[in-house]
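Please keep the sequence and the three-dimensional view at hand while reading.

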Amino acid sequence: IVSRRINKPWGSELIWAETKNYAGKILTIKSGHKLSRQYHVKKEETIFVLYGILLIEEGKDENIIKHTLRKGETFHVKPGLVHRFCADFGDVDIIEVSTPELDDVVRIEDEYDRK
């Protein structure tokens, strides 16, 4: 498996594992940036904070619950869970392990006008 880095408007992701059964990434989110508010139809993932403080917004509209995760803490994203990862307190690095459906992203809201 050859790892590959993908630059994103919010930072980057390094895909270090990709098989028919699972995938592994390291996401770097730049200070002040956030990923899209999204959910996955099939993809299931768990994240682990390597560095920084990650703000997770769970839900949408008036039903958003905010979680703050620090180094060593984890969060599980089941299919259908609306979520957003934010770097409100400085740069953040997280490890993500997931099922292999890497393109399974339904964006609800995006700061960078991606569809």
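## Lysine 43 and its surroundings

The side chains of lysine 43 and glutamate 96 are joined by a polar contact of 2.9 Å. A second polar contact, of 3.0 Å, links the side chain of lysine 43 to that of glutamate 45. A polar contact is a pair of N or O atoms within 3.5 Å; within protein, one must be able to donate a hydrogen and the other to accept it, and residues adjacent in sequence count only if both atoms are side-chain atoms.

Lysine 43 lies in the loop between strand E4 (37-39) and strand E5 (45-51). Strands (E, at least two residues) and helices (H or I, at least four) are DSSP runs, numbered from the N terminus. Lysine 43 counts as buried, at 2% relative accessibility. Buried means under 20% relative accessible area, exposed over 50%, and partly exposed in between (1.4 Å probe, protein chains only). Leaving aside residues up to four places away in sequence, lysine 43 touches several residues, among them Lys25, Val77, Glu96 and Asp104; contact means heavy atoms within 4.5 Å.

## Basis of the model

This is a predicted model, in which local features need pLDDT of at least 70 and side-chain atom pairs count only at pLDDT 80 or more, while totals for chains, interfaces and linings use all residues. Residues are numbered from 1 along each chain as its sequence is written, and side-chain values use heavy atoms, with hydrogens and water left out.

## The open sheet

An open sheet is formed by six strands in the order E1-E2-E3-E10-E5-E8, with antiparallel pairing. Strand E1 (4-8) and strand E8 (74-77) stand at the edges with a single partner strand each, so one side of each has no neighbour in the sheet. From one strand to the next, the twist averages 20°; axes are lines fitted to C-alpha atoms, for helices over the stretch in contact, and angles run from 0 to 180 degrees between N-to-C directions.

Two strands pair if DSSP finds at least two bridges between them. Strand E2 (residues 11-18) is joined to E3 by seven bridges, and the two form a hairpin with four residues between them. Alanine 17 has glycine 24 in E3 as its bridge partner. Six bridges join E5 to strand E10 (residues 92-98), and valine 49 stands opposite isoleucine 94 in E10.

## The nonpolar core

The largest nonpolar core has 15 residues, and those with the most contacts inside it include Ile29, Ile47, Phe85 and Ile94. Such a core is a set of buried Ala, Val, Leu, Ile, Met, Phe, Trp, Tyr and Cys residues joined through side-chain atoms within 4.5 Å. Strand E3 (23-29), E5, strand E6 (54-58), E8 and E10 each give two or more residues to this core.

Five of the seven residues of E3 are buried, so this strand is largely enclosed by the rest of the structure. Isoleucine 29 touches residues including Trp10, Leu54, Phe85 and Val92, not counting residues up to four places away in sequence.

Arginine 84 is found in strand E9 (residues 83-86) and is buried, with a relative accessible area of 1%. The side chain of arginine 84 makes a polar contact of 3.3 Å with the side chain of glutamate 109.

Asparagine 7, in strand E1, counts as exposed at 66% relative accessibility.
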